[in-house]
Amino acid sequence: MQYLEIDTENCPVRRTLDVVGEKWSLLILRDAFNGVRRYDDFRRHLGLSEAVLADRLRKLVAAGVLRVEPYREPGARTRSQYRLTPKGRDLWPVLLALKQWGDTHAADPAGTPLDIRHEDCGAPVRVEVVCGGEDHATLTPYEVTVRSGPGARPRAR
């Protein structure tokens, strides 16, 4: 089956975008990866309305990307904080790839606001697409073949 004959309703990119394909969802995840946990901190840092923040957090929790965890400051009521789940942590390379693209193609003239480096050696971190075979280098889109997989369905005519 050729690519244009495949039904895109079952596409994993499409299904992923259903979960995280909205700007505020990705920015919430960016903040979560950088240690933001509490509703008020998300709201203050992102500058979005309470309704939008509550909706995006609810959707990310429902999708299993974030989990709600109670916390309590001394003398205050119990509140909720948001933590990345393993499913959420698996989005880290996606956000790094977006940052990397932004640093290259949408950069601030002053430079990147977030400099991400390997803790052990201090080298910059970057995302690459590599072959799963032994000793293979970084790949370009022109060095791969796309075939229909087991979940491919014919496109409705």
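Before anything else I noted how elements are named: helices (H or I, at least four residues) and strands (E, at least two) are DSSP runs, numbered from the N terminus. I also noted that this is a predicted model, in which local features need pLDDT of at least 70 and side-chain atom pairs count only at pLDDT 80 or more, while totals for chains, interfaces and linings use all residues. Residues are numbered from 1 along each chain as its sequence is written, and side-chain values use heavy atoms, with hydrogens and water left out.

**Entry 1, the chain.** I found six helices and two strands in the protein chain, and along the sequence they follow the pattern α-α-α-α-β-β-α-α. The radius of gyration (taken over C-alpha atoms) is 19 Å, well over the 15 Å that the globule rule (2.2 Å times the number of residues to the power 0.38) gives for 157 residues, so the chain is more spread out than a compact globule. I wrote down that its C-alpha atoms fill a box of roughly 65 × 45 × 30 Å along the principal axes. Of the 157 residues, 20% count as buried, meaning under 20% relative accessible area with a 1.4 Å probe, protein chains only.

I then turned to helix 4, residues 50-62, whose 13 residues reach 18 Å from the first C-alpha to the last, close to the 18 Å expected at 1.5 Å a residue (the expected span being 1.5 Å times one less than the number of residues). Which residues of helix 4 are buried? I listed Leu 53, Asp 55, Arg 56, Leu 57 and Leu 60, and the buried residues of this helix pack against helix 1, helix 2, helix 3, strand 1 and strand 2. After helix 4 comes Gly 64, whose phi is positive, near 80°.

A pocket here is an open set of points on a 1 Å grid over the protein atoms alone, where a 1.4 Å probe fits, with protein on both sides within 12 Å along at least five of seven lines; lining residues have an atom within 4 Å of a point. Of its 22 lining residues, Arg 30, Leu 95, Leu 98, Lys 99 and Leu 114 are the closest to its centre, and helix 6 gives the largest share of the lining, seven residues. The second largest pocket holds about 270 Å³ of space, and among its 15 lining residues Tyr 3, Ile 6, Asp 7, Cys 11 and Pro 12 lie nearest its centre.

Note on methods
Grid points are joined across faces, edges and corners, and a volume is the space filled by probe spheres set on the points. Buried means under 20% relative accessible area, exposed over 50%, partly exposed in between (1.4 Å probe, protein chains only). Contact means heavy atoms within 4.5 Å.
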